[in-house]
Structure formats: C-alpha cells, structure tokens
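User: I am new to this structure and would like to be walked through it. Could we start with how the span of a helix is judged?

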Amino acid sequence: MASYELASQFTEDAFAKEDLICERSSCAAKIRKGDPCFYIATIVIGQRGRFVCAACHRHYQGKAATSMRPTAQRPNAHVNASNAQVNAQVIRQNINAAWRPALTQQPPRVVATSASYSRAGPDIVVPSSWAQVGYSANHAQYGAERERWAKQPYAVPPAETISLEITAVREGGNRRKGARGIPFGNICEGKKDVDARIDAPGLIALSLDTVLPKIQAFAAGFPWHQDQFIVRDGGWVDLSTHPPRQPYFYSQCMHAARKGLRAMTFKSKQFLLYVVVPAAQWEDYEVWLEKAEEERFSVHSRPELLFAPSVTRSVHSSGHSSVLAATGAQADSFTISSAEAPSEETPSEAPSDAPSEAPSDVPSEAPVKRRFHREIASVPSSPPLKKVVSAKVAFRSPDREQLREVLQSGGTADIDVQQMLTVQHENIDFFPVLTCPLSVILEGPEIHTAFRMNTESSYGGRLTVQTSTNDMLGVGGFKTAHPGFLTLSSAPETLLGSRPHQKVAVKRPFYKKYPPGSSKNPMNFTIGHYTITDELPKLFREANVLYWARALLTFSYEYIDHCVSNSSEPPPFHIPRLRFVEAGLALSHDHTQPGQHKSKSLTMPRAVYLVEELITDEFLKYIHNMDCNPMLDPYEAGYEIAAFLACTQHIQYAKTGGLAFISDYQGGCEVLSDPQFYKRFSSGDHSSVNDGKDMFGDGNIERAVSTFEKAHHCNDYCKWSGFKLECYNIAEPETETQMDS
C-alpha cells in the first residue's frame, strides 16, 4: 500500500491464508487463498470488523467518510520536511474522523403512508323557520333585549363594585328566634367585582344563574320550578317588588368622607342574597325523595329478592298520592309466588308450565303478600347515600420464598451517594430557538436575521443536570451531552419546556486536558470547561446555526409542497417529514455577595448550556459534513431518508442561487440534530456572502459549496420532473459485477 493506510475503518493489509467470503453484504465475493484480503474496523467501539476483497477496499477507500493515518513504515523519513508535499485527502479524512459521532444502531426503515385530503366544504342546512316572512314569536322580547344590550357596548368598566354572598335556603325555621330560612346542601357562592349600580332584576338574574346549577346537582332528577324561586336580600325583602333601573345597594355604600361633612364617598361592601325555595315545592321534593328512598330501602332490605326470578314487585298506583299526602309514608308490596312460599292452598304438584308470576291486576289467593311500611320521622336535607352490597374480596397468602427474597432485597437497599452528589441544579434564564421562515427573515432582516438572546423573551426556570460520566449521553468533537430535566415557570410557545420536569439533553463545550509531562494520548485526558466569556460565544453560534438550519429546511418543504400541489401526477415516492430539535440556551446564574452585606447580593451568569429536545429513537448519521451525498449504502436502513435529505441539499443550493445549504444531517427518523450551515465564501468572489468574515462557526467548509455541482449525485428524488431541478450527476446503483471488477 501507499505511505498512508485507512485508520478508522481499515487497520492493515494482508493476504488470505485460506478461502474466504467477502463480508460486505452487497458483495459476498469469494476471496481465494493468497489473494489480497483487507480487514475493516468499524467506528463503533467494541464491535468486530469485517474482511473484504480488494474491490470493496477500493470502494471504502474512495468514500469521504473514511479517515487515514500514517503507517508505521516511513521509507521517505530521510527526506527534508520542507520538501514534503501536503496530502489534502489525508487532512480531509483526518478531520472527518475527529467529527464522527459514536453511532450505535440504525433506526427503523421509514414506511410510506398514504394520506387523502378532502377539499369538499361542509354541508350547511338552513332551518325552515328562517324562511318565514314578517315578525314571529322570537321578536316578542326584542324591545327588552335591545334596551339591555344598548347599555353594554360602550359602557366603561365599573370602578365602584360590591361583593355578594348568595345562599340557597328553603322556607321554614323558627320565626321567633329570627330564622328566615333553612339552608340546604351547603350551597353558598360568592361573587366579586359586581357593579354597585346593578338593579333588582339584574341581582335576581345573577343569583339564579349562580345558584341554580348547584341546586340541580343537589337533587339530580327532581324537576325544580325556578320560576317559583324568590330572591331576597339580607333583610328578607323580596327583590321582585323593587322597581327596575334603580341601583339596589348603591345607596348603602355611600358614606360621609369625614364627620361633619356632607360630601359622600363610596365604600365597597358585601351583601347577602338568598334564593328561597317555596315550602310547597320543597314538600314535593320531600315526597319525591321519600319515594326514591323507600324503593332503595325495599330492595336492599331483601337482597335475596335481587336474584330470585319468581319475585315480582307491584306498586299500587291507585290512591298513591292521597296516601302519601295523608300519612307521609309509602307502601311497597312484594308478591312471592307459591313456588317460593308453598301453602295449603297451593299444592307442590303444580304444572311446570304454570306462570311463575301473577299479574298485579289479577287477584290470586295462592301468592302470599308481605307489605313493608316505614314511617317518616324526619325528612333529610340532602339525598341519602346509596347502600351498596359489599362484594366478596379474595385473599391469598404470599409465597414464603418470594417474600423472603423481597425482604432481603428491601432490607439491604441503600442510597447511591455518589450518584446523588453528581446531580446539579441550576437556576436559569431560558432563551428558546424559534422557527422563523426564510420569507419572514427576508421581510424583516433587522429583527429576524439571527438568533437573539432578548431578556424580555426569556423564561425563568430550573435545570437539573446529571453530570456523572457514567450517565453521559455521549462525547462529540467539542461538546458533551448529559441527561437532564427542564422546568420553566411559564410555558413557552415551543414544545421544549411546555411541561414540567421534561427530559432534555444538556450540551456544553469542552477541551481536552492532558496530564502534565505526558504525550497527547487520545484516550488519556480529562474534560475541561471554558469560562463563561469563551463558552457563551461558542454555544451562541450553535444556536444560530440551528436557527438558520430550521429556516432553510422549512423553505425546502415549502418548495416541495408547492411542486406537489401544482403537479398533475403525485410523486412516485413517499416524502419523509423531518424537523430539527426544539432547543434553546440556558444561562445559569450564581449568587455572589460583594463585601459583608448580604442584602446587596448579586446574581451573576456562571455557565451556559445548550438544552435540546431528547431524541428517544435510534441515532443515525445520514450525510457527512464533508459530503453532499448519502453516507449510507442503498441496502442499509435509513437510506431513503438520507437520499431525501440529499435532495433537500439540491433544492437549497439551486433555489438560493448556490449561496447556502444544510449539511451534516444526523439524528432520528423524525427529529434531526447538530446541523452544519454551509454558505459560499471566498475572498474577492462577487457571489460570496461573508466578505472575508468568519460566519456560522468552524464547521462551514468552503469546498463543500464550491464543488457541490461536481460532487452531488442526483437520486430519484432529484430526478422527479415535478421538482424541476437541473440534474448535475446521475447516481447509478452499484452492482456486484462493478464491485468485483
């Protein structure tokens, strides 16, 4: 091989010691004994690599995602370093290896789903009563309603208000002791900020609207007649006798400003109102209540009757109301057939086809009738509780061995002190990264041109971070990711932070700290964090890249939806719907006390975190940040999504005039994370957008934009005629014959 060999996927070259099969799934060619055989190491730590043939070796060697390292043999070591030429391919692949995340498993394949949209409008039915000509019964209250609503449209909110306490009572009580009503059902409601100039009809309507639902819930099923209710004030005065359009309580709120002065001032008060149920209607309620109670009592006093098929309950309706009115009692008769209670008049040899129940209107001497009477000593003020027959409860003793194991496990339980000490709580100000369409950015560039950390749009809250390295979600090229929980004091417009104690991924930049005096071993380092002055600009660039990536991806879907809706035929493929994670910057504060005065304690920014929505499904790298083609092979899971994202790059590049597109697509099957925003920049180029300035961080690679038309291979998404895209290079599927050659 050359002086450089493949490092991240390739370890060494060798020759097959026996006949083998190429372990690349799409090849499976036979490697004869003595032929070149290459071992490929995977990027997943601890996972076994595979042996491939020479053709597959050349395939992987040409991929941009493969990194390189120097070999142990240096035949040209004596050559002067100044004369050595720099290999750009090697540098590019080394950078690629440093940016590669630790991928574990592939996400499931996306299944196309069909969707149908109905464009028909709703069916509107015009009532037949609307077709009448002239006045009808609906216009009878027109004058009163017009006068009532005429007072409200331009009325100023009342500055003088009173409070009301509205209680439901029934007529009765000892008048000698001052009782003017008997409360029932604990129905008492309060009203605040009531206009002090409200008249008597308004108080009556307000009282009935407030208390009537409570009365109906108190005795569900009883037909109350609310037109018979009387509304009285604390002095037991009937409000219906007071003339309308005159303030009822306003005069009682006027008091002299000072003693001896005639000037009057308004003072808010609380007044009592009673919704009185007439005695006659309450007696009807008691009769209805006693009837329902007697029926429940009769059934539950003889539970065996609930399961006897030959038992009939007959209620004598004749003279029922007169008996109740005279005695206040109700009689329920239960008829037991002769089959259940045999007597001398009823022989046991009765035919089997004889009816087991005797009609209540046909007299019979065979049945034995038993009547249950109960005198009413007092009428309860609320409906009685239903008597429920307790069901049989099964009981089983626990297994002794199982109980012994549980006791041992519970008795030896202990707290993980180290894990509890690594949980860090932060008081934060949260600045969400919003989604702003590209059209809105262009309309107001002075406001929406970039992500902004405005204090007035921030949300206070609390962030919990699990800082233990054992709980770490992963380590990237320059950021660590830890699990955490986010709770905001008020729910924002975004999904992130909309519910308390929401699981999130907390990211923070870091640098590698090597032990003093030792070489920079890639595996022997500790994680160091930047100061707030260096940390905040780095994460701000990350949030700004995510802000623009959202805008550009939304722009891509707007173009796709436009093309699909205007096409005469639907596309022959499913269009995946993806989005970038909901995220924001969390600025943590620390309390410092200057001097000796605790009252002058200040809250200073201590650290900043990039808080992102937690991706729960499997993570996958779709497109590398050095490439504009799918990183996956056609036979691998997730290739359809990768091909579609490559098409979005084509759309972004073409519709922005070759100025910018998104790369480094990675994440789950629905949510993406950590994008890179590529834009054209070169000194002296009239089409550049940076004018020599550093934009969008270090991930912006000029070569990816300038060589897009040569490097991008158009797939089936790009070639669909509905998108009207210019094809740069047609991607041809690989075959076994091509790989073997």
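Analyst: The expected span of a helix is 1.5 Å times one less than its number of residues. Please note that the model under discussion is a predicted one.

User: What does that give for helix α7?

Analyst: Helix α7 covers residues 400-411, so its 12 residues should span 16 Å at 1.5 Å a residue. The C-alpha atoms at its ends are 16 Å apart, which agrees.

User: And how many of the residues of α7 are buried?

Analyst: The count is zero among its 12 residues, so α7 is hardly covered, given that buried means under 20% relative accessible area.

User: Which residue caps the N-terminal end of α7?

Analyst: The cap is Asp 399, which has a side-chain oxygen 3.4 Å from the backbone nitrogen of Glu 401.

User: Let me step back. How many helices and strands does the protein have?

Analyst: The protein has 16 helices and 31 strands. It has 741 residues, and buried residues make up 35% of them. Of the contacts between residues at least 6 apart in sequence, 66% join residues at least 24 apart.

User: Which residues touch the most other members in the largest nonpolar core?

Analyst: They are Phe 580, Tyr 622, Phe 644, Leu 645, Tyr 665 and Phe 723, in a core of 55 residues. Several elements give two or more residues to this core, including α9, β25, β26 and α12. Helix α11 gives the most, with 15 residues. In soluble globular proteins, nonpolar side chains tend to be buried together.

User: What is Phe 723 in contact with?

Analyst: Leaving aside neighbours within four places in sequence, Phe 723 is in contact with Tyr 559, Ile 560, Cys 563, Phe 573, Cys 647 and Tyr 717. Apart from this core lies another, of 34 residues, and among them are Leu 212, Tyr 248, Phe 271 and Trp 282.

User: Now the rings. How many aromatic pairs are there?

Analyst: The count comes to 29 aromatic pairs. One of them joins Phe 222 and Tyr 285 in an edge-to-face arrangement, 5.6 Å centre to centre with 80° between the planes.

User: Where do Phe 222 and Tyr 285 lie?

Analyst: Phe 222 lies in the loop between α4 and β10, while Tyr 285 lies in helix α5, so the pair ties together parts that are 63 residues apart in sequence. Phe 222 counts as buried at 11% relative accessibility, and Tyr 285 is buried with a relative accessible area of 0%.

User: How are the rings of Phe 573 and Tyr 717 arranged?

Analyst: Their centres are 4.5 Å apart and their planes at 55°, so the pair is tilted. Phe 573 is in the loop between α11 and β24 and Tyr 717 is in helix α15, so the pair ties together parts 144 residues apart in sequence. Both Phe 573 and Tyr 717 are buried.

User: Which residues form the aromatic cluster?

Analyst: One aromatic cluster is formed by Phe 184, Phe 218, Phe 222, Trp 224, Phe 229, Trp 282, Tyr 285 and Trp 288. Trp 224 is also 9.6 Å from Asp 284, C-alpha to C-alpha, although the two are 60 residues apart in sequence. Asp 284 is found in helix α5 and is partly exposed, with a relative accessible area of 48%.

User: Which charged residue lies over the face of Tyr 250?

Analyst: Arg 197 does, at 4.1 Å from the ring centre. Elsewhere, Lys 479 lies over the face of Phe 478, at 4.5 Å from the ring centre.

User: One last topic: which residues have a positive phi although they are not glycine?

Analyst: Asn 186 is one of them, with a phi of about 50°. Asn 186 lies in strand β9 and counts as exposed at 80% relative accessibility. Arg 245 has a positive phi of about 65°; this arginine lies in the loop between β10 and β11 and counts as exposed at 58% relative accessibility.

Notes. Residues are numbered from 1 along each chain as its sequence is written. This is a predicted model: local features need pLDDT of at least 70, side-chain atom pairs count only at pLDDT 80 or more; totals for chains, interfaces and linings use all residues. Side-chain values use heavy atoms; hydrogens and water are left out. Rings of Phe, Tyr and Trp (its six-membered ring) pair if their centres lie within 6.5 Å; planes under 30 degrees apart count as stacked, over 60 as edge-to-face and the rest as tilted. Helices (H or I, at least four residues) and strands (E, at least two) are DSSP runs, numbered from the N terminus. Buried means under 20% relative accessible area, exposed over 50%, partly exposed in between (1.4 Å probe, protein chains only). A charge sits over a ring if NZ of Lys or CZ of Arg is within 6 Å of the ring centre and within 35 degrees of the ring normal. A polar contact is a pair of N or O atoms within 3.5 Å; within protein, one must be able to donate a hydrogen and the other to accept it, and residues adjacent in sequence count only if both atoms are side-chain atoms. A nonpolar core is a set of buried Ala, Val, Leu, Ile, Met, Phe, Trp, Tyr and Cys residues joined through side-chain atoms within 4.5 Å. Contact means heavy atoms within 4.5 Å.
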